[in-house]
Amino acid sequence: MLQSGAGGLGCEILKNLALSGFKDIHVIDMDTIDVSNLNRQFLFRQADVGKPKATVAAEFVMKRVKGVKITPYYGAIQDKGPDYYMQFQLVICGLDSVEARRWINATLVEMVDPQNPESLKPLIDGGTEGFKGQSRVILPTLGSCYECSLDMLTPRTAVPMCTLASIPRQPAHCIEWASILEWPRVMGDKKLDNDDPEHIQWLYEKALERAREFNISGVTYSMTQGVVKNIIPAIASTNAIIAASCCNEALKIVTSSNPYLNNYMMYIGDEGVYTHTFAHEQKDGCPVCGNMATDFHAKADWTLDEFIERLKEKPDVQIKKPTLTTERRKLYYAGPPQLNELTKPNLDKRLKDLLDSGEEVAITDPGLPFSLRLNVIFS
Amino acid sequence: MASSIPSGAPGSREKKYDRQLRLWGANGQNKLETAHIALFNASATGCEILKNLILPCIGQFTVIDDKLVEEADLGVNFFLDEDSLGKPRAERAAALLGELNPDVMGNYIIDNFSNLLSTKPELFEPLTTPFTHFVLVSPFPTPLLLLLPPEIPTFLVYSLGFTTSLRVSAPIHTIVETHPDSLTDLRLLNPWSELSSMATERTTNLEIQQKVDGDGGMSDHEHGHVPYLILLLKYLEDWKQSHGGNYPATYKEKGEFKVLIQDNMRTNVPGGSEENYEEAIAAVLKNVREAEVSSETKEVLNDTKCANLTLETDNFWIIARAVKDFLENPEQGNGLLPLSGGIPDMKAESNGYVDLQNVYKYKARYDASLVEKNVRTILSSLNRDPSSIPLDEIELFCRHSNFLRRILYRPLPAEFSTLPDEHHKKAVCAALSSWDADTSLIHDYIALRAYQSFVTETDGRAPGDTDETLEVDTAEMTRLAELYLKEVGWSTGLGERGKNMIREVVRTGGGELHNIASLAGGIVAQEVIKIITQQYVPVNNTIVFDGISSRTGTYEL
Amino acid sequence: MLKIWSMKQQQQAASNAEGGQKKKKVTAAQLRAQKDITELSLPSTMRTHFPDPDDILNFTLTIEPDEGMYKGGSFKFTFAINSNFPHEPPKVKCTHKIYHPNIDLEGNVCLNILREDWKPVLNLNAVIVGLQFLFLEPNPSDPLNKEAAEDLRLTRDNFKRNVKNSMQGGFVKSTQFDRVLK
């Protein structure tokens, strides 16, 4: 069992897994404990501020619940590769960033090997905001994945740069002006650290000054922090609901005791209680799971040029000016000129000198709406 | 003298509670910190509920339980540890929960509800009890439930295997800060004189293209920065002139009105269109409408509490009455509520926007000052200090005046008496005959009702608690469920899901699953927080969660 | 767990993939960037350069307008694409200090599709067309460089002179600009 995230959801998840009878749990988190975590991350105390979340959480739960082994890793999920993820039965996530979720989702989808039942790792994902949250079960390659539902995210409303620069109207415009335009102008290459109170104070003062200049009211320190760090309100109770839902699904999957969630539950608690449980559909052409590699048999002695010609003959792929890459090298770039010149010599090389048998080749082409992935197998 | 910039940096409490203050503010936090929650039954579910209330900092909690910690507790309750074995649950749970937050005071009583009711009745008297809210995690025999004082908000919780439910009962609950998506009220069809004059002034030369600087025409730059509210007001006036004094009312007319705006947009500009005009067109359907009083606010203003004020009446009802007077007074609101005063962001130059914003802000302030006058008059007439309600509170109320809520919670006896009232019968039968009755969670509720009757009969023994009694208990639970259905006037009997739920409840033998206990802890804590802070809208009055299908159902029972 | 795998096997039976050993794959962001970059339709007035040809996520674009007020100049922009592409727009900055109402002295560019109007369906070509347009039709309303915008709005001829002067590395008011003549 792997759990990524030891924050608001993570603390709850770790406790729930331990009390659900899971004996061997790994937990990954790259953050250290901040005082603003204490209103919900109940495994941490004032004295723990500054320590790694994963380590403190693991120690606390092992002390409280006998017989459970928890292995913490203080670092990023991206530090680990498929070999690491392969050891787990199931992955459960309480992450706070879209980027991290996309990464773990793509990694688990890619790991699915049709020859190996062990390679399919159910992914359970939770998220909260204020009184609302959602939990979902992702069966990589079998159903909707995280990437399939990216459109459901409401994008952060951005204000035109020129509004910030010349016609601010809202306190938030003054704050964004301070962080996006004024900081780099005055500080040059010095990086803005959202967690440094001195930096926030600087932004706050600049924003306040600008707001006064334009007769705008409402800039506060707290708002400055909120805008700059994109703070999402979070409370213990919502985390408890979502984390418990995730762990409940994990337990059902692992024990096959009851049907598991298919595949999405939204919980909305700000006006009465409303939940919506539904099956989110896999997206056609999803760049992660809707685009799985298929096998393509080729002769190791073919030149790359020959390989491309054969591809063009395939009736089910309409390609004209393809670009081909593998994870480790560019094979051939149809454009722009610089990259085309660089990769042209590969056209005369033999496949065996460019690829290993079974290696994946990714192909883009103006004629393809998405991309094409082929496992090139030498025969 | 140079004006100094306030540091503004938050204090340690603001830092610690930052993520929740962004939801309920200092107002909500102050209320939370004066609450004293009594938990009856230190089960896993009970402890999880308290955890989620202690972390955000309620004032105090008291754990009431008379059992000793057993091995089985450790497998499901995070707030009991090995050292606790054999010791009183109340004491140990209070200690381990207390560690969560040094700002919260924890207490415990080693006793049970039934005993306390006779030995310490003052704990249950509204005037003498130290508790502000009761949280009960079943089992409790029904007669005890009927003795709970209706004046104290009570949260009755069931958590059995994959099923959990919460019943909220409380005295009349009022909410000002309901947190709707937007408080905006633009009054486009009910403009007051300052707003109308601003619209006229800003648009006198709207149609004249400036050729050279100072020729009296409007430059493209200026034209593209007239706030869309001003544009709408101007073109609504134009429309009225050409339509016999009427505003566009129907969908079709609004469509034509959009075309009118479109036709006046300058297109010979960089980009070929003007953003402010596009914003105006996009706002027509939603914002070109008469200002109306919402049905929820009408409910509040028409409540008898508004009419019959006494010295003891809450501020909420006094201000509500003042708002009602404002609404009905031709010299004041004349049919309209006090203005909320906010406007959305829109394409405009800084000055133009801030000036427009001020017109709304000043009008809102003026309306609130009239309501304040009414409040002071009412307070005097009640022989209360006329300044005892601060202006801040009145202004907050006015801003939210179209989004008020009052919830009349049904008392527990109306649901749990041997003969439930008509409302209850109707609500259950309606759910049982709805289109989704086959999968409805009302069946889970019925199974829990049978469980409630069972524990009442057996004085707390859970059905299915030993393997030997499994069959007998299932039969008895079925009988009790059928009996209950008869009481509510449902003649068809227990359906398929109902039977399954009975089996499911018996199978648990009264046991909790940690995940469901934890989930219940979250649901209940959310509702407790909403009731304490009087913000957001709590559930009325029952929520059931089924952990097998991961669904909830809410019912007013 | 067994049930899930049998679902997978059924799915497998329906397709023809035999699979092989698992290898690392190109990321979705990278693949999308690859598609966008190879399918750029660059007119003769623009060219890309990859300082590190192995890194297609960071490159420069040079624009040399052949008409309008900025004719004769050569303007360089850096493009930085992050791993959240195309859900986040590329970050684009002008590396020269130039006199332009929509580009400030730090090289920030005000172009709607680089910020508030970015959508994942847009591609790099759209961004490049947008940048090119900024040199043909500098937009004086809602500027990043307020002085330049006012200059353009009030006295177009004066603005033209200032642009010319600035492109030669001269001063406008008290600010010296980069020489960008090609």
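Start at chain B, where helix H21(B) passes helix H22(B) in a right-handed crossing (right-handed if the near helix is turned clockwise from the far one by less than a right angle, left-handed if anticlockwise). The model is predicted: local features need pLDDT of at least 70 and side-chain atom pairs count only at pLDDT 80 or more, while totals for chains, interfaces and linings use all residues. Residues are numbered from 1 along each chain as its sequence is written, and chains are lettered from A and ligands numbered from 1 in the order in which they are written.

Select residues 470–487 of chain B for H21 and 496–508 for H22; their axes come within 10 Å and cross at roughly 135°. Axes are lines fitted to C-alpha atoms, for helices over the stretch in contact, with angles from 0 to 180 degrees between N-to-C directions. The two helices are therefore oblique to each other (under 35 degrees is roughly parallel, over 145 roughly antiparallel, 65 to 115 roughly perpendicular, the rest oblique). Helices (H or I, at least four residues) and strands (E, at least two) are DSSP runs, numbered from the N terminus.

Show side chains next. From H21(B), B:Leu470, B:Asp473, B:Thr474, B:Met477, B:Thr478 and B:Ala481 meet B:Gly498, B:Ile502, B:Arg503, B:Val505 and B:Val506 of H22(B); contact requires C-beta atoms, placed from the backbone, within 7 Å. These residues divide into six nonpolar, three polar and two charged (Ala, Val, Leu, Ile, Met, Phe, Trp, Tyr, Cys and Pro are nonpolar, Asp, Glu, Lys and Arg charged, the others, Gly among them, polar).

Still in chain B, select 350–381. Helix H16 has 32 residues and reaches 46 Å from its first C-alpha to its last, close to the 46 Å expected at 1.5 Å a residue (1.5 Å times one less than the number of residues). After H16(B) comes B:Asn383, with a positive phi near 60°.

Now colour chain A against chain B. The contact takes 56 residues from chain A and 53 residues from chain B. On the chain A side, H9(A) gives the most, with ten residues. That side has 27 nonpolar, 20 polar and nine charged residues.

Move to chain C and its contact with chain A, which takes 48 residues from chain C and 53 residues from chain A. H1(C) gives the most to the chain C side, with eight residues. By class, the chain C side has 17 nonpolar, 15 polar and 16 charged residues.

Notes: Two residues are in contact if their C-beta atoms, placed from the backbone, lie within 7 Å.
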